[in-house]
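Here are my notes for a first look through this one. Keep the view open and follow along point by point.

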Amino acid sequence: MRALYVSAAVGDAGRSLATLAEILGQSDRNNRRDHVSGVLARHEGLFLQAIEGARIDLDRLLERLRRDPRHDDVRLLAYGPASERAFAAWGLALADVSSDPGLAKGRRLDELTPDDALAILKRAATRIPVAA
Ligand SMILES: Cc1cc2nc3c(=O)[nH]c(=O)nc-3n(C[C@H](O)[C@H](O)[C@H](O)COP(=O)(O)O)c2cc1C
């Protein structure tokens, strides 16, 4: 299964590198434990995240995410079966979407169609190093 959502960073979480690193560290640990894979993008105060795994693990994660005060307005763009994992190489990796043509002309993460959002994350993932 794959879930895709956008949310709005709250306060510091929209700009701080330390907060982003904290989220990534904690999430990568948890996701590996739960056989969840994913990528996270932060762009102009919004988060876009894809998570992949068993339904029960995704549901538990979405529960935790909805309660996390570092973001709000968690809006699910897509949730359903995926023929294969697109982000299997990572527990949770940071996707740099800042130069993606899909976000040109000030287009925001919360204005994307689910298909465009997934395509942007997949393009960004091709530029993420895979740990040995
Ligand atoms: C934008 C964002 C993305 C997150 N992604 C994940 C994730 O992929 N996996 C995860 O376990 N926690 C993620 N978290 C953190 C969870 O909301 C929650 O704080 C964490 O899972 C609790 O973990 P703990 O039980 O180890 O303290 C994310 C938080 C934010 C704000």
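1. Start with β2 and β3, which pair antiparallel through seven bridges; two strands count as paired if DSSP finds at least two bridges between them. Helices (H or I, at least four residues) and strands (E, at least two) are DSSP runs, numbered from the N terminus. Across this pairing, Ala41 sits opposite Leu48 in β3. The hairpin has two residues between the strands, and Glu44 there takes a positive phi near 50°.

2. Before going further, note that this is a predicted model, where local features need pLDDT of at least 70, side-chain atom pairs count only at pLDDT 80 or more, and totals for chains, interfaces and linings use all residues. Residues are numbered from 1 along each chain as its sequence is written, and side-chain values use heavy atoms, with hydrogens and water left out.

3. Is β2 buried or exposed? Seven of its seven residues are buried, so the rest of the structure largely encloses β2. Buried means under 20% relative accessible area, exposed over 50%, and partly exposed in between (1.4 Å probe, protein chains only). Ser37, Val39, Ala41 and His43 are buried on one side, and Gly38, Leu40 and Arg42 on the other.

4. Now the whole sheet: five strands make an open sheet with mixed pairing, in the order β4-β1-β3-β2-β5. β4 (71–80) and β5 (93–94) are the edge strands, each pairing on one side only. β5 runs parallel to β2, joined by two bridges, and Leu94 in β5 is the bridge partner of Leu40.

5. β1 is mostly covered too, with eight of its eight residues buried. Seven bridges join β1 (residues 2–9) to β4 in an antiparallel pairing, where Tyr5 stands opposite Leu76 and Ala3 has Tyr79 as its bridge partner. β1 also pairs antiparallel with β3 over seven bridges, and there Val6 faces Leu48.

6. Which helices lie across these strands? α2 lies across β1, β3 and β4, at about 160° to β4. Helix α3 (residues 114–125) lies across β1, β2, β3 and β4, at about 90° to β1. For these, contact means heavy atoms within 4.5 Å; axes are lines fitted to C-alpha atoms, for helices over the stretch in contact, and angles run from 0 to 180 degrees between N-to-C directions.

7. Next, the largest pocket, with about 290 Å³ of space. A pocket is an open set of points on a 1 Å grid over the protein atoms alone, where a 1.4 Å probe fits, with protein on both sides within 12 Å along at least five of seven lines; lining residues have an atom within 4 Å of a point. Of its 16 lining residues, Ile23, Ser27, Leu65, Asp68 and Arg70 are the closest to the centre. α1 (17–33), β3 (46–52) and α2 (55–67) each supply at least two lining residues, and α1 gives the most, with five.

8. Most residues other than glycine have a negative phi. His35, in the loop between α1 and β2, has a positive phi of about 55° although it is not a glycine. Asp73, in strand β4, also has a positive phi of about 55° without being a glycine. His35 is exposed, at 61% relative accessible area, and Asp73 is exposed at 61% as well.

How values were computed: Points joined across faces, edges and corners; volume = space filled by probe spheres on them.
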